[in-house]
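A short report follows the display.

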Amino acid sequence: MIWAIPLPGLKQIISAIFNKNSNLNSRWEIEKYYGPFWMRSGSEILAWICETTIRKKGRGIQILLPAYFCGQSLRYLRSLDVKFLFYPSDINNISDKKFIQSIVKENEIDIFLLVHYFGIINVCTQRYIKTFCDANNILVIEDYAHFNHPNMNSQFLGNYVFFSPRKHYPIKNGAALYSLERMDNFIYEREKIPLLWYLKRIARRYCNYLLLSNKPAGRQNSAEVNLISFKEPSNFDYKMLAYYSGNIEHYQKLVYHNVYLLDKLISEPKIAARVGKVRVFNANITYLYPMIFHHTKDVEVFIKIFSKNKIPAIIWPDLPLEIVNVFAEYDKILDQVKKTIFIPVHHDINGEKLVKILRYCFDDKIQIA
Ligand SMILES: Cc1ncc(COP(=O)(O)O)c(C=O)c1O
């Protein structure tokens with residue numbers, strides 16, 4: 001079975017409970033930054049930074065976001081006094097500098113969100129944005145939600161940096177925030193242990209029990225507005241994450257291996273004829289692998305074929321409503337979304353098996369639906 005998300009196993013749960021070396025924070029430190037400060041999710045962290053900035057400035061704020069972003073992650077921000085502005089950006093984070101300069105000239109931007117997508121860091125963009133934002137008195141948030149640990153070869157530059165390990169490991173909640181400034185006003189209320197959440201996933205792993213869907217392809221609701229209450233993850237989430245972080249090299253190797261196998265697969269001539277190569281930088285420690293098809297029509301066909309063959313592929317992101325409905329200049333981004341299918345490559349996936357099924361899907365013998 002190819003799981004959409006990693007599932008907890010009994011061995012890992014028992015190891016996590018009896019793990020003596022469970023100091024999570026020492027494994028998640030970043031040089032020169034305060035933190036990690038743990039919250040439930042990346043979306044919650046974004047809201048926390050905005051709320052703190054609103055409080056400090058004593059007024060509503062404006063945030064400049066990449067148009068290629070997950071609309072659902074803005075659901076808490078929509079309940080705050082935050083105005084969204086968007087800049088064009090693609091999966092390699094090659095942003096339109098002129099567009100950014102002119103939007104900053106015409107608007108008083110308070111925060112710039114820089115996203116490093118799916119294990120790819122565009123160092124030139126990163127440096128340019130930080131220098132440009134410093135000169136214009138804009139705070140930079142660096143979003144590493146698609147990376148499974150801060151131990152990569154990266155120079156962190158943002159005023160704030162965050163990770164979302166809940167996407168990479170079988171834990172319900174857990175996202176890490178870092179700041180260049182002291183954060184004395186951090187709110188600590190701990191979530192209760194999400195027992196039912198863990199039981200459902202254990203059942204899914206061992207009984208293939210249909211309490212939990214294997215996340216079909218599709219979109220979420222990007223117009224959602226949720227009121228925010230800031231919380232820390234439960235004790236059990238901490239313990240599980242400490243276990244996985246303690247064995248990080250092992251789990252990262254598994255992901256690397258899966259990414260390597262997929263890179264090799266899409267280089268095969270029959271597949272390269274349909275899918276382009278995207279991984280230009282140090283493709284490393286993500287959980288979804290982007291397959292960018294040359295033609296939109298292929299995406300419609302292959303999403304059906306993948307689903308028929310039980311590969312929980314997804315279309316991402318559920319673009320913010322503002323992008324889908326209003327801005328004609330984001331055609332390129334809509335086009336990229338329409339051409340991309342994401343394949344899970346997390347550590348809980350057997351890469352060889354995945355590649356075998358994918359090759360079968362691409363095989364001419366398959367009856368195209
Ligand atoms: C790039 C990026 N940043 C932030 C988030 C939000 O993270 P979380 O799911 O932990 O709320 C997501 C969610 O998909 C994301 O893709």
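This is a predicted model: local features need pLDDT of at least 70, side-chain atom pairs count only at pLDDT 80 or more; totals for chains, interfaces and linings use all residues.

Residues are numbered from 1 along each chain as its sequence is written.

The protein chain has 13 helices and 10 strands (DSSP runs, H or I of at least four residues for helices and E of at least two for strands, numbered from the N terminus). Of its 369 residues, 43% are buried (20 or more other C-beta atoms within 10 Å of the residue's own; exposed means 12 or fewer, and partly exposed lies in between; C-beta atoms are placed from the backbone).

Helix α8 covers residues 248-267 and spans 29 Å from its first C-alpha to its last, close to the 28 Å expected (1.5 Å times one less than its number of residues). The table lists two groups of its residues.

| Group in α8 | Residues |
|---|---|
| Buried | Y251, V255, N258, V259, L262, L265, I266 |
| Exposed, on the face turned away from the buried side | E249, H250, K253, K264, S267 |

An α-helix has 3.6 residues a turn, so residues three or four places apart point the same way. The cover over the buried residues of α8 includes α7 (235-246), β9 (288-293) and α13 (351-362) (contact means C-beta atoms, placed from the backbone, within 7 Å).

The ligand is surrounded by 13 residues, with S41 and G42 among the closest (C-beta atom, placed from the backbone, within 6 Å of the ligand).

Methods: Two residues are in contact if their C-beta atoms, placed from the backbone, lie within 7 Å.
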